[in-house]
Amino acid sequence: MKMLWITDDFLPHLGGSRLLYYQTIKCLPPGEVTILTKRRPGWREFDARETIPIKRGFFKKLSIHPLLNELPVYVEMMALGACRSLRLRPDVIVCGELLPTGLVGRMLSLAGGAPYLVYIHGEEVNVLKNLRGEKALAFSVLRAADAVVATSTPAHGEALRQGVRPDRLHLLTPAVDDYFFNAKPCPERARSRYGLEGKMVLLTVGRLVERKGHELVIRALPQMRREFPDLAYLIVGAGPMEEKLERVAREEGVSGAVIFAGRLSREELVECYAACDVFVMPHRELPDGDTEGAGIVFLEAAALGKPVIAGITGGTGDSVLDGETGFRVDSTSPQEIVQRASQLLRDRALARRMGEAGRRGVLRERRWEDRAQELRRICLDMVRRKSSESTIRRHR
Ligand code: GDP
């Protein structure tokens, strides 16, 4: 089976959905997938190292009028997609997003006859709710798709509400890279690198963007440090909020207790997970609808046996079982963050139980290999259905 996989964004630009595509594709038979995506800083080196065939476009937006801004992206994606389709003759087109990718996939499917599958993650639906024209277009792409893959329970519910046929809708939550299960990290190395010896450590991993809630943790630190004077907060990741977060730490008088580790290698990242006492990311929904998707970082922390604290919005309910593998807190309430984090720092037996429950859960249910096989089965079904539909049409 040949798949043309179109996505608006891909590695090396980090992010949950990009990682999900990458890990799934890596577990599919070699040569089965060709990717069409966007150029991103570092793409040349990345593509040169990879065995997956990747074709990149510029996909550059304009900033002249909301109705025209995406036009060049559609034109270029459609042109490159048509060239790839002619050359590859794919059996299936996989679209990473509803727009612009899903619409391009739909047109390529109409032109070439290959069925198309579209991913829905949940966070994009929230953003679309505020954009009337795009919303109607995106949901029509969803309803017309030969298959829809939702990556979280809320996304699955939204697809059903939008009229996607239940027999064409599938829930495939993200998994965890085997590396996180099998690694034998040395937590002492991270502790000595960041001066955390003998301290209690809270950890957040992720891009430094507002919705992840780093600021809320920093603001909660002074109160928590009254009970745990040695408490430190380690932040892994890079992003536009760094300066603001440093300022907040200064304002709260906890600069010395907040460590910005920046973007780390996977080996260093695993050491940080292993070194923390509690993984905390009290994400929230922003006024423009931006919200957390599945939250792969919670699964990674669980794979390392750590209890986690998440927000209650978005799609993280599949990754964090409230009261079992950690807590989901109302991130608009600093008091809830303080209370749950302090509880886990105080009650080491509870923290250990939750961490172990999390690790057992991800080991049992969160392997990329299983997700890739399931996706392949869905694609083969689409191809079979499409070909039997066209046989019926020919005989009419
Ligand atoms: P999203 O970016 O909002 O989609 O957040 P997710 O939690 O779903 O996924 C983020 C992914 O990026 C996780 O697998 C993280 O481990 C990874 N990540 C984030 N920051 C870093 C970093 O500094 N280094 C490394 N190696 N991975 C990172």
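Mentor: The conversation below goes through the domains, the ligand shell, several strands and the backbone of this model.

Mentor: This is a predicted model, in which local features need pLDDT of at least 70 and side-chain atom pairs count only at pLDDT 80 or more, while totals for chains, interfaces and linings use all residues. Residues are numbered from 1 along each chain as its sequence is written.

Trainee: Which domains is the protein chain divided into?

Mentor: There is domain 1 (3–175 + 367–395) and domain 2 (178–365); the bounds come from an automatic or database domain assignment. Their C-alpha centres lie 31 Å apart.

Trainee: And how many residues of domain 1 are in contact with domain 2?

Mentor: 18 residues of domain 1 are in contact with 15 residues of domain 2. Two residues are in contact if their C-beta atoms, placed from the backbone, lie within 7 Å. On the domain 1 side, H1, helix H5 (123–128) and helix H7 (153–161) each supply at least two residues. Helices (H or I, at least four residues) and strands (E, at least two) are DSSP runs, numbered from the N terminus.

Trainee: What is the make-up of that side by class?

Mentor: The side of domain 1 that touches domain 2 has six nonpolar, ten polar and two charged residues. Ala, Val, Leu, Ile, Met, Phe, Trp, Tyr, Cys and Pro count as nonpolar, Asp, Glu, Lys and Arg as charged, and the others, Gly among them, as polar.

Trainee: Now the ligand. How many residues surround it, and which are the closest?

Mentor: The ligand is surrounded by 20 residues, of which Gly15, Gly16, Arg263, Ile296 and Val297 are the closest. A residue is near a molecule or strand if its C-beta atom, placed from the backbone, lies within 6 Å of it. The shell divides into nine nonpolar, seven polar and four charged residues.

Trainee: Where do they come from?

Mentor: Helix H1 (16–26), helix H12 (266–275) and helix H13 (296–303) each supply at least two residues of the shell. The largest share, three residues, comes from H13. Domain 1 and domain 2 each contribute at least three residues to the shell around the ligand.

Trainee: Take Ile35, then. Which strand holds it?

Mentor: Ile35 belongs to strand E2 (residues 33–38). Ile35 counts as buried because 24 other C-beta atoms lie within 10 Å. Leaving aside neighbours within four places in sequence, Ile35 is in contact with Trp5, Phe10, Ile52, Pro53, Ile54 and Lys55.

Trainee: Changing topic: why is strand E9 described as largely enclosed?

Mentor: Five of the five residues of E9 (residues 232–236) are buried, so the strand is largely enclosed by the rest of the structure. Ala232, Leu234 and Val236 are buried on one side of E9, and Tyr233 and Ile235 on the other.

Trainee: What does E9 pair with?

Mentor: Strand E8 (residues 201–205) runs parallel to E9, joined by five bridges, and Leu202 stands opposite Tyr233. Two strands pair if DSSP finds at least two bridges between them. E9 also pairs with strand E10 (residues 258–262) in the parallel sense over four bridges, where Val236 stands opposite Gly262.

Trainee: How does the chain cross from E9 to E10?

Mentor: The chain passes through helix H11 (residues 242–251), and this β-α-β crossover is right-handed. A crossover is right-handed if, with the strands pointing away from the viewer, the path from the first strand over the helix to the second runs clockwise. E8, helix H10 (residues 214–227) and E9 also make a right-handed β-α-β unit.

Trainee: Lastly, the backbone. Where are the cis peptide bonds?

Mentor: One joins Leu11 and Pro12, with omega about 15°; Pro12 is in the loop between E1 and H1. The bond from Leu99 to Pro100 is also cis, with omega near -5°, and Pro100 is in helix H4 (residues 98–112).

Trainee: What about phi of Phe59, and is Phe59 buried or exposed?

Mentor: Phi of Phe59 is near 45°, a positive value in a residue other than glycine. Most residues other than glycine have a negative phi, and most peptide bonds are trans. Phe59 has 21 C-beta neighbours inside 10 Å and therefore counts as buried.

Technical notes. Buried ≥ 20, exposed ≤ 12 C-beta atoms within 10 Å, placed from the backbone.
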